[in-house]
Amino acid sequence: MLEKKIAGYSDEISVAPGERIRFMVSCEPGVDRYQADIVRLISGDRQPDGPGYRDELLPTPVSGEYPGRTQETYCGSYAVVPDGPAFSALNDLSLQAAIFPTLPGLRRACLISKMDVDAGRGFALWTDPADGLVLQLGDGAGSLQEFALGQAFVAREWYLVSATYDAAGGEVHLSQQLLDSYALDTSSGQARHASEGTAVVACDAPLLIAAASREEARGKPVGEMIFNGRIERPVVASRVLEDSEIEALRTGPVPLDLRPDICAAWDFAHAIDTDDIIDISPNRAHGELINLPIRAVRGSNWTGDELDFNHAPEQYAAIHFLDDSLYDCEWDVDFELEVPADTSSGLYAARLTAGDQEDHITFVVRPPRNTATASLALLIPTASYMAYGNSRGGIEFGNELLANHLAVIGPHERYLNRHPEYGNSMYDNHNDGTGVCYSSRLRPLINIRPTHHWLWQLSADMHLVEWLEAQGIPFDVITDEDMHQDGVSLLERYSCVMTCSHPEYYSTNMWDAVHAYTQRGGRLMYMGGNGFYWRVAYRDDKPGAMEMRRTEDGSRSWASEPGEYYMAFTGEYGGLWWRAGRTPQSLVGNGFIAQGFDHSSYFRRTADSHDPRAAFIFEGIDDEIIGDFGLIGGGAAGLELDSASRGYGTPPHALTVATSEQHTDAYIRVNEDIGHMLLSIGGQDDPQVHADVVFFETPRGGAVFSTGSIGWSSALFHNDHDNNVSRMTRNVLDRFLDPTPLT
Amino acid sequence: MPSQYPIDPGRTDLAREFMANPMGPHSAALQRIVTRMRDTEAAGRYVLVTRVPYQEWGLAQLSGQRGVDVTLLEDQVFTSLEDAERAVFKMRWELITGTPLVLD
């Protein structure tokens, strides 16, 4: 049985000729060497009836054998504050924070540490599954003294925790106090201990929040024993603070009379859109967050009166740390490519092979910047690839009810499961149950591969690439990230822009660019389903990272907490674009209405299809039934379906030229379109469960054609491309490439 | 709590319908049974593990825990997805109804 043992990623997702892209590879034991080549991807689907895998070698200096090696990945989020004068005078000590542990019973986890373990210097404050708050102090002789409070924390409750050490008296005081009020509470308490001899709390190690560290890697401390949960207003002081002073430091500015004794007081309400943590004490001992803990989350003092962190940042002064979050694997580079100047735009991969092993690190070669080299652009939905990247649902749940058949687990899924450190998709939950709201492409995205047996995103989009290649139509390839950065100017160079099968995730820049394109005479072919659905955010200073909140409603695997609907990266309201007043129907004529994953169905032509305005679409097609075939589920109308709706904003003059029918009961209407819950929500009962193929003209001679179904492109290959789906697609494309205005 | 939909072990006509067309679509009455069978806890859920891509699959059970591999049931190997569905249907029928599924 094949075991996958090799995977990699690149530092860029889209590069122009002359630019550099670096590739990082990790091999499990047994893969000592591998061959790397740069290839242009032509086709990917290897199922018996499919077109198979095909590529074309791009001759580059990359081609060659490379040594296989295992590269370490350090996941989990924490903060690092460099050692500095703020901490040099420590003798007495006070530590405090408000904390919201989410997995207190898992294992010991570190809240604040500044520790030279070998020298026995420093301090660390922990949560312990049995003993609750635990303070460790160095004895100065290579060991640690440990003091425990003795009462376990309850998960998902806010506590004020503090620990003080009086060097002269040798006294340690620990306190953990539940901030909510319950009739019975056995988790709050205090404890006093006497130290043996004098503890040595000063050391030159960096200070960590939410982690401890014993070693450095890649220029920073490696976080271990990472705390799962929220931390708010951590404070380090150089004398024993009174209870009233600890309470005063929980919120608000550092009181004047305490300033001489405060080493650092970090207020996470500042700089929420960055990786910085800000010390509001005069020492300004700022720090940096590692691996994207969640910001813009409710703090202990959140009242519910304000739902937008921008309006009350002081109620969002917490950070949610996670032991499995990841931004950048930061592997060493194995090889790099300077894209040859004459490379044509396309979908490419670094193809890695070693015996029966292979991997395709996929990237895009865009045309030279500020130019187009074809009239057609294929828009690769890299935002959606990132959202789905490393989806763990297959091997963790089987998704059997969703698919209505047994799940098939391949080597890719088992490999991903062996590597929890590669992080999650935005469809997964973190180890503590929190929904994954950040993704990154600076890590192997195991299911975003052209040959993956789960035909979804890139692997499904290869059907469209294969068809374009077979049609012999020149096309440039561009990405979501290119469009986010360049705006509509990127699209305006093309007569026609074609999406892929499932462009679900859109940033504001991306939405604006597509909209402006349709309003300025551009021709858009929306070749899929459930597009333009979730709003996402990028951060200019965090390349390759993306944020999303699953708010209010929508088809989703988890839901954001109340009051956490605004994205930390940009401050924008997250969730469905519909909820921000921008419906997919208003942009492309149809929008997400139903999904199912067992059998795909077909379309039937409508009366609208005989409107003279739609004649070009059906030229040479006499069939009433369209797409009763396909490589995914056996039909062109399948997986996720979009329908037209005047009420949701479909332009009044839009033509619905075909409508799907006879979907199975595994197809269910989207929950955001359901008011009262009725029995009739499945495909056999609910007439809303259908896809619409929509066409409409846009200002200045432009037009939009929307297929309404993720499954559409899977039908293009049928009968060696000689079929009515292929013909319709080609008819539309030919007309859209014709500069003659459509109106 | 598992699904409460009862499966009548006397409805072997529905079992026959499944055996004849395990990939569906199913009649409404059969789909209710199939839905009941598929609605299990993740830990222990039957899945198919690829042995030869698109040709051969082995039955396995999910661990239900991130990072813990599936458990392979080495004696259950299939060369068609339909046969795999039939075998799992038969096992689940007996598990849920307490009655072995015997079809002529």
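**Figure 1. Chain B on its own.** Among the contacts in chain B between residues at least 6 apart in sequence, 38% join residues at least 24 apart, two residues being in contact if their C-beta atoms, placed from the backbone, lie within 7 Å. This is a predicted model, in which local features need pLDDT of at least 70 and side-chain atom pairs count only at pLDDT 80 or more, whereas totals for chains, interfaces and linings use all residues. Residues are numbered from 1 along each chain as its sequence is written, and chains are lettered from A and ligands numbered from 1 in the order in which they are written. Chain B has three helices and three strands, which follow the pattern α-α-β-β-β-α along the sequence; helices (H or I, at least four residues) and strands (E, at least two) are DSSP runs, numbered from the N terminus. The radius of gyration of chain B is 14 Å, close to the 13 Å that the globule rule gives for 104 residues, so chain B is as compact as a globular protein of that length; the radius is taken over C-alpha atoms, and the rule is 2.2 Å times the number of residues to the power 0.38. Buried residues make up 27% of the 104 residues in chain B, where a residue is buried if 20 or more other C-beta atoms lie within 10 Å of its own, exposed if 12 or fewer, and partly exposed in between.

**Figure 2. The contact between chains A and B.** In this view, 28 residues of chain A are in contact with 27 residues of chain B. By class, the side of chain A that touches chain B has eleven nonpolar, ten polar and seven charged residues, with Ala, Val, Leu, Ile, Met, Phe, Trp, Tyr, Cys and Pro counted as nonpolar, Asp, Glu, Lys and Arg as charged, and the others, Gly among them, as polar. Strand 29 of chain A and strand 1 (residues 46-52) of chain B pair in the parallel sense over two bridges, and Val408(A) stands opposite Leu48(B); strands pair if DSSP finds at least two bridges between them.

**Figure 3. Strand 34 of chain A and its partners.** From strand 34 (residues 523-526) of chain A, Arg523(A) and Met525(A) point one way and Leu524(A) and Tyr526(A) the other way, and all are buried. Strand 34 of chain A is joined by three bridges to strand 32 (residues 496-499) of chain A, in parallel, and by four bridges to strand 44 (residues 702-706) of chain A, also in parallel. Leu524(A) is the bridge partner of Val497(A) and stands opposite Val704(A) in strand 44 of chain A. Leaving aside neighbours within four places in sequence, the contacts of Met525(A) include Cys496(A), Phe705(A) and Phe736(A).

**Figure 4. An open sheet in chain A.** Eight strands of chain A form an open sheet in the order 12-11-10-9-16-7-22-21, with antiparallel pairing. Strand 12 (144-148) and strand 21 (276-277) of chain A stand at the edges, each with a single partner strand, so one side of each is left without a neighbour in the sheet. Strand 7 (residues 78-81) and strand 22 (residues 287-290) of chain A are joined by three bridges in the antiparallel sense, and Tyr78(A) has Ile290(A) as its bridge partner.
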